[in-house]
Amino acid sequence: MPKIKSYTPAWLLPPSPGHDLFAPNTTESPNGSSYTSNASSKSSPRRTLARRGTEVFIAVGKEIRWADLVYLKERWQEKQAEGRGDVRIKREDSTSPGDDELIRESLEDGHAEGFRTITTSVGSDIQQLAISPYADFMAVVTTHTIRIILLPDSSHLTGPSPDAIKPKSWTLGPTTHVMNRSPIASALWHPLGVNGAALVTVTKDAVVRVWEVSQKDRWSFDSPSLTIDLQKLAGGISLEQNFAASPDVTNKGFSPDSFEMDVAAACFAGRGSGGWSPMTLWIAMREGDVYALCPLLPTQWAPPPTLIPSLSISIVSNLAAIEDDPNVSEQAKLLATQQLDWMSDLDNQEPRVIEGPPGEPPTEIYARPARPGEVPRLQGPFDLELSPESEDDLDTELTDIFAIGQKLDTDELMMGEDEELEMEDVEGEGLSISVVCLLSSSGQLRVCLDLDGVQAQWLPPRHKSKVMGRLVGQPSLLTFQSMDILNSLEVTEDAWPMFSPDVTSRYSFFVTHPCSITHISLSPWVFRLESELQGDSQAGSEFRIDLLVNGQGSTRERLYTNTAQDDAQLPLSAAVAIHDPDLGYFLLSATPFDPIAVVFDTPDDEFIPMRSISPSFEKDAEVQPLDFYEPRPVFQPSHVFDQSSALPDLLNRLRTGRHKMVVNQEVRLSPLTLQLFTESHQILSDETHRLGVAASEVFRRCIQLQAELKQQINKANEVKARVEAITGEDQGEGGEPESSNAAIERRIQNARERGEALGQRIEKMRKIVSKATSRELSDKEKAWIQEVNNLEVNLLGSTATADGTDRIAQAKRRYEEVMRLRDELLDEAEKLGASTGEGEENVRTPTTDLRIPSELRKAKIGQVKGLIERETALVDAVKSRLERLSVG
């Protein structure tokens with residue numbers, strides 16, 4: 001959901017030149033009130049804004065204003081900088097000083113300043129503007145007529161003359177779209193037209209016409225290449241019938257179809273959609289029915305490179321699956337056969353390759369297949385399953401329709417291929433099923449899913465029409481979500497809500513109503529639903545989908561609300577979204593008197609302008625202000641204050657009329673005087689009432705301004721308190737300001753105390769953990785335990801289960817035995833030592849049989865002494881243990 005940064009910028013507010021784009025033409029309607037009465041008398045869609053990059057076209061009355069928003073913004077900023085005497089820091093991509101001088105000289109000489117007026121030959125006010133996909137043509141639509149304009153080059157915006165220009169234009173259908181015919185409901189550029197030059201018009205009497213316009217062939221503007229009367233097609237039974245509209249419109253009587261098939265709007269899905277979506281025309285009727293025409297193609301059409309291969313794979317696989325299945329109906333088999341014939345006709349063609357527009361790759365041109373037929377079957381009316389029931393007729397009275405085609409299935413298309421298909425991320429994301437959004441007069445939005453998928457269908461041949469006609473079933477759309485855009489006080493009968501696409505995602509759009517602009521995003525559930533549909537695990541899928549349906553749905557945010565009482569009936573033009581590096585993320589709409597713009601935070605970082613680092617100026621490096629404020633629209637006083645009174649016109653008519661003598665005479669009581677006073681009173685009462693409402697609105701806004709200013713001051717104080725608390729400049733305990741050194745020392749002391757407290761807690765926890773858990777023994781400890789156990793076995797024997805007294809007695813006996821052996825060994829050692837000493841000092845002993853070397857004798861004696869010491873230590877240890885046992 002986009003975040004609002006600000007509303008209408010200053011370069012679009014009066015007295016800037018940008019505001020002149022939207023100001024009404026005073027030469028046509030000096031009063032301005034006539035527009036309000038005429039516009040509100042008959043409800044119709046108002047799409048008077050169109051764009052080509054950053055260039056916008058605004059229809060004001062019978063003329064078109066053309067301007068470059070970036071140029072207007074930069075010129076306004078330069079003028080403001082010159083007025084303040086500021087130094088302009090140039091960017092790397094800006095023009096040279098010589099170019100600035102040329103621009104300044106051109107302005108002084110009266111050259112165009114990024115703003116031109118386009119005049120057209122139309123008989124009534126312009127209702128809709130539609131620019132072709134490659135921005136070559138623009139369709140100017142009134143209530144009954146259409147004018148095709150060849151758009152001029154952008155260089156005319158800064159041309160040598162600021163006068164109005166009249167580009168080359170043609171009248172579309174000079175004998176078809178005229179005043180005595182049915183009004184025009186929608187004018188759409190076909191997404192598959194050659195160089196985007198195929199226009200589809202839908203009139204309110206349910207007649208669809210396809211026009212293939214060309215600059216080289218002026219006759220292409222006179223007659224359509226295909227005409228389909230939907231009322232005839234709804235009752236058609238075979239391909240051989242004629243479904244063209246009747247040229248006779250004088251004796252047209254009433255029929256139920258003329259009431260139920262009153263067209264409200266029509267739309268195509270995007271060119272990059274998958275399946276049959278790019279060639280499917282969705283039609284919404286005022287009474288609530290929805291129809292579809294597929295495939296609707298011009299005579300020459302240019303498909304994307306992936307469209308025909310994907311359709312071929314789908315048609316062949318579908319035919320192979322149902323060809324030998326006995327449970328499949330004959331109608332389904334006939335449909336699969338017709339689709340195969342249609343694809344076979346395409347495969348037998350050799351496409352014609354032409355050069356595309358500048359910057360576009362070469363385009364392959366195909367002819368519309370002649371088999372099975374040129375006119376598709378009318379699918380519908382669709383059954384809106386799970387649609388909320390309402391007793392209010394405004395909930396079912398449709399005003400607009402918006403279709404989002406299914407994503408392109410690249411996995412199936414590139415199966416078995418080593419290379420990966422390069423395509424835009426937008427085309428490969430989203431749902432594998434189409435989404436159709438319906439909008440009613442009451443502001444109710446219904447989001448529907450086309451689960452079955454609209455496919456190409458034709459009527460059966462004449463010899464099979466009787467059998468196949470009875471097998472036709474009614475298609476359906478699943479209503480996934482329904483929400484109300486407006487509250488009960490904002491609903492009016494003559495309002496006409498409209499859809500506008502978003503430039504950041506194809507699953508988000510804007511809804512424009514005379515009193516509000518709302519942003520709708522389907523992203524919270526679209527990608528989750530796609531993961532469930534494409535998932536391999538079936539376990540728990542019903543539960544997860546139920547959570548998805550009952551959980552968070554589409555998000556909606558009210559971007560703009562018109563609170564003015566006198567402007568409540570003024571229509572808003574359908575909003576236009578712009579995403580540009582210089583303008584940012586920008587939304588533009590307009591009333592008949594003023595522009596309405598909303599500036600959003602840029603969703604991506606790709607549009608951050610690169611600036612050169614200058615050591616002389618530090619203006620670009622200044623810190624941005626804190627974003628704690630709530631953006632609010634700038635209040636503009638009512639246009640009533642700028643309108644002139646109609647009373648002088650009445651006096652001028654009286655002075656030049658047949659009652660001119662009454663003006664200069666005294667007031668006399670007569671029927672003529674009463675009539676003049678009644679007319680004057682009507683004018684004055686109407687004007688004073690509108691002035692009083694506008695003045696009350698100014699007073700109410702002044703009261704509201706005080707409350708908003710107070711709220712803003714409170715928020716600023718909160719931010720100030722937080723900043724001072726962080727920097728330590730807040731007040732101390734005694735209410736007096738605390739110095740910086742004292743604050744730093746206090747914070748250091750608090751940090752030390754917290755550190756000591758944490759250290760104590762850690763030590764306490766360590767002790768608790770050491771008591772609760774047992775530590776593993778080391779290898780030396782394990783060896784010592786093993787040695788003690790061995791000693792115990794040697795001393796006490798293997799019968800460790802004996803009684804305590806027996807163990808003590810046995811230990812005493814062993815101790816006495818050890819002491820005896822020790823004494824004997826000591827006596828023998830002394831004897832041996834004495835005999836050895838005497839033998840060395842005196843003569844040889846008579847015992848000549850014992851001849852032991854002295855070295856061996858000394859070694860043995862050393863070993864004996866070591867054993868004796870070890871035994872002594874062992875005896876002492878046993879003695880101390882026995883003493884402990886006896887004491888215990």
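1. Let's begin with K79, which is partly exposed, with a relative accessible area of 37%. The model you are looking at is predicted. K79 sits in helix α2, which covers residues 69-84. Leaving out residues up to four places away in sequence, K79 touches P17 and E113.

2. Now for the whole protein. The protein has 888 residues, and 37% of them are buried. Its secondary structure comes to 19 helices and 32 strands. If you take the contacts between residues at least 6 apart in sequence, 70% of them join residues at least 24 apart. Keep that last figure in mind when you reach the contact lists for individual residues.

3. Which residues of α7 are buried? They are L334, L335, A336, Q338, Q339, W342, M343, D345 and L346.

4. Next, a pair of helices. Helix α11 (residues 523-534) packs with helix α12 (residues 541-550) at an angle of about 170°, and their axes lie 11 Å apart. Angles over 145 degrees count as roughly antiparallel, and α11 and α12 are therefore roughly antiparallel to each other. On the α11 side, the residues that meet α12 are W525, R528, L529 and E532. Their partners in α12 are S541, R544, I545 and L548. Sorted by class, the contact of α11 with α12 has four nonpolar, one polar and three charged residues.

5. L226 is worth a stop. Where does L226 lie? You will find L226 in strand β13, residues 226-229. With a relative accessible area of 7%, L226 is buried, because anything under 20% counts that way. Setting aside neighbours within four places in sequence, L226 is in contact with V208, R209, V210, L296, L297, R368, E374 and V375. One of these, R209, is 17 residues from L226 in sequence, yet the two C-alpha atoms are 5.7 Å apart in space.

6. Q444 is another strand residue to look at. Q444 belongs to strand β24, which spans residues 444-450. Is Q444 buried or exposed? Its relative accessible area is 9%, so Q444 is buried. Beyond its neighbours within four places in sequence, Q444 is in contact with P388, D395, L438, L439, S482, M483 and D484.

7. A206 is not a glycine, but has a positive phi of about 65°. A206 lies in the loop between β11 (198-203) and β12 (207-212), and is buried, with a relative accessible area of 0%. L386 is not a glycine either, and has a positive phi of about 60°. The place of L386 is the loop between β21 (383-385) and α8 (393-396). How accessible is L386? At 68% relative accessibility, L386 counts as exposed.

8. Please look at two cis peptide bonds as well. The bond from P14 to P15 is cis, with omega near 10°. P15 is in the loop between β1 (4-7) and α1 (33-41). The bond from R371 to P372 is also cis, with omega near 0°. P372 falls in the loop between β19 (363-367) and β20 (378-379).

9. A last stop is P637, in the loop between β32 (595-600) and α13 (647-656). P637 counts as partly exposed, at 45% relative accessibility. P637 and R701 are 64 residues apart in sequence, while their C-alpha atoms are 9.8 Å apart in space.

Conventions. Residues numbered from 1 in each chain as written. Predicted model: local features only at pLDDT ≥ 70, side-chain atom pairs only at ≥ 80, totals over all residues. Heavy atoms only, no water. Helix = DSSP H or I, 4+ residues; strand = E, 2+ residues; numbered from the N terminus. Buried < 20%, exposed > 50% of the residue type's maximum accessible area, 1.4 Å probe, protein only. Contact = heavy atoms within 4.5 Å. Axes fitted to C-alpha atoms, helices over the stretch in contact; angles between N-to-C directions. Parallel < 35°, antiparallel > 145°, perpendicular 65-115°, else oblique. Nonpolar A, V, L, I, M, F, W, Y, C, P; charged D, E, K, R; others polar.
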